[in-house]
Amino acid sequence: MKNKTRDLQLIIILLMFILVSYVVFDWLLPIQTFGVNVIVSVLGSVITIALMMILMQYQMQSEERKEFKTMLFDKKLDLYIQFLEMIFQMDDDNLISEDEVMKVENKVGELALVASEDLIRVCATFIIQLKAYGVLYTRSMTPKQVASYEKNIGNINDFVSLDELVQAIRTDLSVVDG
């Protein structure tokens, strides 16, 4: 915001300078001396240089924003890959221990630094369900667990499975539709 205000002020000053120069040289131009021609050339060069500086500054800011977004995307991708690998390793033996759940929960804390609000909400729900029921999918739940879920939380269709977590990650990366 501060840079935009400063740039706007610079453009206004430059336009005023051009206007004043036009009025002065309109008055002096009928003289057509070598000195007037040199001054007009110098003013034209100064105006061109000032405009080029402004354009270069905007281009640098645009490139810095693009570079930051690229670095953030790479960091998100690395964290999400590590997070999913941790979940897949946790489920390899079909037994999910408290220690494994705690590691995944700590990883969610790291994800919170770069993830969207929606993804953090999905991760939090996933961790709560993982702690309470120890499963990644509703198909892995026992009938007793399903009844408990529906009694205490709500409809079993609201269960956040690993598939939904992966979809939330894909949405946060905003790379793939569907």
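A: Let's start with a definition: a salt bridge is a side-chain nitrogen of Lys or Arg within 4 Å of a carboxyl oxygen of Asp or Glu. The general idea is that side chains of opposite charge can pair when their charged atoms come close. Before we use it, keep in mind that this is a predicted model, where local features need pLDDT of at least 70, side-chain atom pairs count only at pLDDT 80 or more, and totals for chains, interfaces and linings use all residues. Residues are numbered from 1 along each chain as its sequence is written, and side-chain values use heavy atoms, with hydrogens and water left out.

Q: How many salt bridges does the rule give here?

A: The count comes to 6 salt bridges. One of them joins the side chains of Asp 172 and Lys 76, at 3.4 Å from N to O. This pair links distant parts of the chain, with Asp 172 in helix α6 (residues 162–173) and Lys 76 in helix α2, 96 residues apart. Helices, by the way, are DSSP runs (H or I, at least four residues), numbered from the N terminus.

Q: Are Asp 172 and Lys 76 buried or exposed?

A: First the general idea: buried means under 20% relative accessible area, exposed means over 50%, and partly exposed is in between (1.4 Å probe, protein chains only). Here, both Asp 172 and Lys 76 are buried, with Lys 76 at 12% relative accessibility.

Q: What is Lys 76 in contact with, leaving aside its neighbours within four places in sequence?

A: Contact means heavy atoms within 4.5 Å. Apart from those neighbours, Lys 76 touches Val 114, Asp 172 and Leu 173 in this sense.

Q: Which helices does the salt bridge between Glu 105 and Lys 131 tie together?

A: Those two side chains meet at 3.0 Å, N to O. Glu 105 sits in helix α3 (residues 98–111) and Lys 131 in helix α4, so the pair ties together parts that are 26 residues apart in sequence. Glu 105 is partly exposed, at 26% relative accessibility, and Lys 131 is partly exposed too, at 48%.

Q: How do I check the length of helix α4?

A: The expected span of a helix is 1.5 Å times one less than its number of residues. With 17 residues (117–133), α4 should span 24 Å, and its end C-alpha atoms are 24 Å apart, so the two agree.

Q: Which residues of α4 are buried?

A: They are Leu 119, Cys 123, Phe 126, Ile 127, Gln 129, Leu 130 and Tyr 133. After the helix comes Gly 134, with a positive phi near 65°.

Conventions: Helices (H or I, at least four residues) and strands (E, at least two) are DSSP runs, numbered from the N terminus.
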